[in-house]
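Please read them beside the coordinates.

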Amino acid sequence: MLTYKLYRNDKDINKILDNINTVYKDTLCCCHGKDHALFVVDKVEYILKSLSCDERTIELGKIAALLHDIGNIGGRWEHARKSVGLASVFLDNPPHILPEERELILQAIEDHSKAENISSAISAALLIADKMHISKQRILPLELMDSWHKNLLEVEEVKIKISNKNITINCVTTESFSKQLLLDEYPKALTIFDKAAAYLGCSYQLLFNGT
């Protein structure tokens, strides 16, 4: 059965991922292209493996992670819905996966922005992986950047660890980083962490430099 590697090597998918950040470079302060997609793929794989999901679920999760933001090539507005539309093309032509697998992937992509309908481990893992990507590696070199995005330049990296049904997300930051600024502007993501962790039967902690 064909797997994630097929989609990772697809020329059209890679072309979209390579061009997302340039098409809307004046309105996007954060990378939604290939670097972000591969970060999310890696973290989704780790989450699902840590929770002892089967190999096929992990493969489907990685495909969903790779495709979750491709709709940004048409702009940020309703990008999750646009991503579902584009992903459907790649999943259907030619058909590489079973119909029920296709629906799992598309549902996870559709819900990755708002977390209104978490209905699979793939969906929950994608939500966590996507929303935890807030480090300086994701910031694009734009002149127009608000204070919140400038603050993210002080986040060196974000790590995740899962042990005994506890998800720990640790932000490694500089001394200049403002934790309060992040928390004030990031309530939606914190709610998503809550909902996704609960779906997976886990608790979660958000740490800053291990505290």
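In which sense do strands β1 and β2 pair, and over how many bridges?

1. The pairing of β1 (residues 155-163) with β2 is antiparallel and runs over eight bridges. Strands are DSSP runs of E with at least two residues, helices are runs of H or I with at least four, and both are numbered from the N terminus; two strands pair if DSSP finds at least two bridges between them.

2. This is a predicted model, in which local features need pLDDT of at least 70 and side-chain atom pairs pLDDT 80 or more, while totals for chains, interfaces and linings use all residues. Residues are numbered from 1 along each chain as its sequence is written, and side-chain values use heavy atoms, without hydrogens or water.

3. β1 and β2 form a hairpin with two residues between them. Asn-164, in the turn, has a positive phi of about 50°. Ile-160 stands opposite Ile-169 of β2.

4. With strand β3 (residues 203-208), β2 pairs in the parallel sense over six bridges. Asn-170 has Leu-207 as its bridge partner in β3.

5. Seven of the eight residues of β2 (residues 166-173) are buried, meaning under 20% relative accessible area with a 1.4 Å probe, protein chains only. Ile-167 touches, among others, Ile-128, Ile-160 and Leu-200; contact means heavy atoms within 4.5 Å.

6. Helices α7 (residues 121-131) and α10 (residues 187-199) pack at about 150°, with axes 9 Å apart. They are therefore roughly antiparallel, the term for angles over 145 degrees. Residues of α7 including Leu-127 and Ile-128 meet residues of α10 including Phe-193 and Ala-197.

Methods
Buried means under 20% relative accessible area, exposed over 50%, partly exposed in between (1.4 Å probe, protein chains only). Axes are lines fitted to C-alpha atoms, for helices over the stretch in contact, and angles run from 0 to 180 degrees between N-to-C directions. Angles under 35 degrees count as roughly parallel, over 145 as roughly antiparallel, 65 to 115 as roughly perpendicular and the rest as oblique. Lists of a residue's contacts leave out its neighbours within four places in sequence.
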